[in-house]
Amino acid sequence: MSFFRSVMKSVRGIFSLSLPCENPVFSIWERALFVVRLVVSFCFGGDECLCCGRKALVIPLCRSCWLTFSAYDFSRRCDMCGKVLVSEISVCSSCRREPVIAAVEKVFPLHSYRFWKKTLLFDWKLGGKRVLSFYFASLLARKIREIESEHGSCFIVPVPPRPGKIREKGWDQVLELCAFLSLGWNFRVVHLLRRLSRTQQKKLGRLGRLGKIGASYALTKRKKLLGLVKKSGGNAIVLDDVITTGATVQRCAELLKEAGVGRVFAVSLFIVD
């Protein structure tokens, strides 16, 4: 019984800590689906928290761990690349010496890619725990609304998947996040970029990423972009699931700015410090 009470507290907390859906029809559908998943998960004994190993239902995080993950990482971060600072200076030594992310106004990562959060990302992307997608999208929606409240309306440009990925894997994580952001929170998501290279970036080292990214992406729908710039005030958000070297968001931002976008921000679930 104590486990059941803990589960119900977790359910209420998930809805209270995440940003409520702004689309009422989608909200009803998602909550109904959540209840179904809750019942099925409870009947089959639940899941295991990816962080501490305790019992969890619906999403693979116990109450304590999803509370931790739902809160922002308040570490002091570099004004340019978004990575954790180790000094009092607002720009990290790497960006002062040789900046990678120069075309982006500011990077907004929700968490550092370390410890148990690596397992969380791995199980979502490669383990197929897609139930995490809506939860992640709700946290991103909250951050994007904060950015808009400070900088004005923005449209979202997802980092595109490599050619053939959806055919091979059946889905793409960033595109799924964007689908939830569009359906649940009415964000304007525009697919303006396409990826040219089939090489998996995770197989490249830092120098390999920095050397190949420049020729890996291209802009599409230039006329549509110009119309969006006029409507949105020229603000765009490049969305990715994890930022490693920053070369991808830098190239995407360069392409958008070359086409007339005034300011480009970058938002990600994780960043590799």
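Reader: Which residues make the nonpolar surface patch of about 330 Å²?

Author: This is a predicted model, in which local features need pLDDT of at least 70, side-chain atom pairs count only at pLDDT 80 or more, and totals for chains, interfaces and linings use all residues. Residues are numbered from 1 along each chain as its sequence is written, and side-chain values use heavy atoms, with hydrogens and water left out. A patch joins nonpolar side chains (Val, Leu, Ile, Met, Phe, Trp, Tyr) within 5 Å, or like charges within 9 Å, from residues with over 30% relative accessible area and no salt bridge; a salt bridge is a side-chain nitrogen of Lys or Arg within 4 Å of a carboxyl oxygen of Asp or Glu. The patch is made by Val36, Val40 and Phe44.

Reader: Is valine 36 buried, partly exposed or exposed?

Author: Valine 36 belongs to helix α2, residues 24–43. Buried means under 20% relative accessible area, exposed over 50%, and partly exposed in between (1.4 Å probe, protein chains only). Because its relative accessibility is 48%, valine 36 counts as partly exposed.

Reader: How are α3 and α5 oriented to each other?

Author: Helix α3 (residues 63–70) packs against helix α5 (residues 116–125) with axes 12 Å apart and an angle of about 95°. Angles of 65 to 115 degrees count as roughly perpendicular, under 35 as roughly parallel, over 145 as roughly antiparallel and the rest as oblique. Therefore α3 and α5 are roughly perpendicular.

Reader: What share of the residues of the protein count as buried?

Author: The protein has eleven helices and eight strands. Of its 273 residues, the share that count as buried is 51%.

Terms used. Areas by Shrake-Rupley, 256 points an atom, 1.4 Å probe, with all protein chains shown as cover. Helix = DSSP H or I, 4+ residues; strand = E, 2+ residues; numbered from the N terminus. Axes fitted to C-alpha atoms, helices over the stretch in contact; angles between N-to-C directions.
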